[in-house]
Amino acid sequence: MKRMSERTMTAIAVLLMASVMVASCNINPDKAGDAFRHLGENLDNAVNGTEETIQETVAETEPTVSEETEETEETVETVETEASETTEQSSSASGSTLTLVPTPTPTPEPTPTPAPEPASERVDFSELTEDELRDGTVVEIEDFEESFVNEDEVTLVSFTGNRILISQEDSPYIQTSVNLILDGFYLEAEGVYNRYTAEAQAEYALPVEEEAEAVYSPYAVSCNYDYGYNGRVLSVIMTYGVTRGDETVAEHREYVSFDMYTGQYITTAAVVEDYELFRTTCGNTLAFATENEEDNADSFTDIFIFVEGSGNGVYVYGTAADGTVVRALADIENIAPALNRYGNILYTNR
């Protein structure tokens, strides 16, 4: 609007100057009228034409701006739409790559549990007694009986006998040393019992005639300890065996002696100085005790001195050629010359 006023004022100024010039000069009236007419038209065009031009310019500019704005909005919308579509496509693509569809895990079918076999039945019997050897030293003796009875109430194996352990409160290390050997033998016998229990079960599980089941012959496992004490030496004979009816299936025997002052395990080499004299003296004693006239001093092996009490009497054990165990009573004074000094202290107390 300011620009329009300035142009109008300029046109009026020109018109006034023209009027002055006409008044001061001799001009042709007709030409002057034409000039004024043209001047008015020019002035009118100057005033009105400028406004129309401005209006036309403004009118033309507004649609242009609107169109640009619309195009811009359309462009933005297009970009946003494309970006949205791109994002959705990217998200969709990303989802198909990163999102793991869990594979349904098949429900495990329960494995049928086999019916448990009937538990073995053991009928236990145990009786404990004590034998005091000297002050603070006690032999604990357990008599026991145990049987394996199967689901048909058939006794397959029996386990009977006794076992011994010592109690010595004043010398626990001696107690431990001796009991390890004594109990070790019992555990060996118990292992034999378990072995034949398994064999009996396997045998019984096989199909057999009903008459055979009625006369089933059980195994019998036995374990026994015999001991003697002379005031210092504890002698023990440990045996276990397996029988079935009248048949001896297995048998085992061990001889052990302990110095109860030290807990030391006594071997033949530890107490004998002259082994040939020892074997001859003990062998003749054993041969005299048998009914076989062919037995002599060389007929026996595994010779062992078993103390019975505090006197001179001892038992001599030996195994004959046929495996028979022979026992004979002997005087320790007859055996003493074959012993070393330690052997004499243990057996003769000198």
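Where is Glu153 found? Glu153 lies in the loop between strand 2 (137-149) and strand 3 (155-168). Strands (E, at least two residues) and helices (H or I, at least four) are DSSP runs, numbered from the N terminus.

## Basis

This is a predicted model: local features need pLDDT of at least 70, side-chain atom pairs count only at pLDDT 80 or more, and totals for chains, interfaces and linings use all residues. Residues are numbered from 1 along each chain as its sequence is written, and side-chain values use heavy atoms, without hydrogens and water.

## Positive phi

Phi of Glu153 is near 60°, a positive value in a residue other than glycine. Glu153 is exposed, with a relative accessible area of 68%. (Exposed means over 50%, buried under 20%, partly exposed in between; 1.4 Å probe, protein chains only.)

Asp302 also has a positive phi, about 55°, although it is not a glycine. Asp302 sits in strand 8.

## The 8-9-10 sheet

An open sheet holds 3 strands in the order 8-9-10, with antiparallel pairing. Strand 8 (301-307) and strand 10 (325-331) stand at the edges; each has a single partner strand, so one side of each is left without a neighbour in the sheet. Neighbouring strands are turned by 25° against each other on average, direction ignored.

Strand 8 is joined to strand 9 (residues 313-319) by 5 bridges. Two strands pair if DSSP finds at least two bridges between them. Thr301 has Thr319 of strand 9 as its bridge partner.

Definitions and conventions: Axes fitted to C-alpha atoms, helices over the stretch in contact; angles between N-to-C directions.
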